[in-house]
Amino acid sequence: MSEQLPPQLPKSALHQLSQSLGLRTLVVMLLALLMLIPLFFADTVVKERQADYQAALNSVAERWGGKQTLIGPVLVVPYVEHFTSVDTISDENGESRVVSKDVFNDRTAILLPQALEIRANLNEEHRQQGIYDALVYNATISLSGKFNHAQVLQSSEGERRILWNKAFVALGLSDQRAVDTASSFFWNDGRIDMQPGTRLSKLLPSGFHIPLSVNADSTPSNEFKLTLNLRGSDGLFFAPLGQTTAIRMTSAWTHPNFQGDLLPNKHDITAAGFNAAWDIPHLVRSYPQYWVLEDQQTYDLHSFSAGVGLHEPDSLYTLIDRSVKYGALFIGLTFLVFLAFEISLKQRLHVLQYGLVGAALSLFYLILLAAAEHIGFLYAYAAAAATTIFSITVYTGMILRHWRQTFLLFLLLVLLYGSLYLLLEMEDYALLIGVGLLLFATLLMMYVTRHLLSTPK
């Protein structure tokens, strides 16, 4: 018996299937999905370069100074508490007698300022680490205010004597290695040199202390003043330790990012820089103005701070990473435009031609990344967009050989990449712009398919 072959479809049926618009649309959609593979590799390269950039920033911060938080000053007052203990005891004969005994307890009082004023001026600088630019600052900070230790001397029983030869003022700082200069600490009319270490390892792990070799019992209110020049990066913050704390900050930096637990009461940002003011009462904090160290009460002076973040509003890696996230949308829209050209011109593009156009769209992000690291984001975006638009337009013109449609494609690509730039620069309006692009693509397909009618059987 002769082997029977399966019946073959008529050539007319195969031809109709190959010319099916529905099948063509599915093929184009599949190609668009396949283009996500090179887009994924482009996204991986962007993230690797972003990690290298962050490592460079960390390296600069380690040598220059990182985010700084200034906490203080704190007055530490050791004192002796003296009271008389009176007890009635009975001897073996049953006779009672009164015994008095002097008791002396060593205590350490922690006092925060009654008033604290902080003035800071930040001067931005730039440090190079290879091809990367790190934003850092030099800050001039002046502290002034007063302490009132009257409450230390108040006692319901007995008396207290302050040991001024053991008293000191502590000042906490995140990275004390970044201090350039520090003026002497002024306590009332006396000048005292600062010493390393806070002597309060749990309360203030790093910073300085100023030993008070003066007797302040003559007046319970003592004024202080200090000026620091320190380096840092990323941000500068202060803890509002005063019963009333006033912070005044100025800088030529035009992109401040006010952070912390409390925003400034008022601020002004101009082309010349910014100035900000905080007026903070002690009621907003979770710790008191005065406590005794031996009572085993623990308070976190780092729990409340106010300040400003000093960094680029949107680094080029953030912008490029955001642009890659729109890559699938842009590949889909570009392929949709090519499908519309196929329908309107009744010409078919080869699968390989779609692949080459998709490769050019994916290369846009690598060109943008490579150029932005050297010439900045704006010029790199213009160069990458111009290269991509020019290559796709010329290639399509050689395929279609219709200069009007080629010019229309050029305008559509310009509109597409112009919209992408707006998406990156105006993130608050990203949804609106994205919806507008999808609406435009829908209307375009509705226009080019207006004459398509299904043929009745």
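Glu 117 has Ala 246 as its bridge partner in strand S13 (strands are DSSP E runs of at least two residues, helices H or I runs of at least four, both numbered from the N terminus). The model is predicted, so local features need pLDDT of at least 70 and side-chain atom pairs pLDDT 80 or more, while totals for chains, interfaces and linings use all residues. Residue numbers start from 1 along each chain as its sequence is written, and side-chain values use heavy atoms, with hydrogens and water left out.

**Strand pairing**
- S3 (residues 115-129) and S13 (residues 244-251) run parallel, joined by eight bridges; pairing takes at least two DSSP bridges between two strands.
- S13 also has eight bridges to S16 (residues 273-281), this time antiparallel.
- Ser 251 finds its bridge partner in S16, at Phe 274.

**Largest pocket**
- The largest pocket holds about 840 Å³ of space, a volume being what probe spheres set on the grid points fill, with points joined across faces, edges and corners.
- A pocket here is an open set of points on a 1 Å grid over the protein atoms alone, where a 1.4 Å probe fits, with protein on both sides within 12 Å along at least five of seven lines; lining residues have an atom within 4 Å of a point.
- Its lining counts 33 residues, with Tyr 53, Leu 57, Asp 133, Glu 312 and Ser 315 nearest the centre.
- Elements giving two or more lining residues include H3 (36-64), S4 (132-148) and H7 (351-375).
- H3 gives the largest share of that lining, seven residues.
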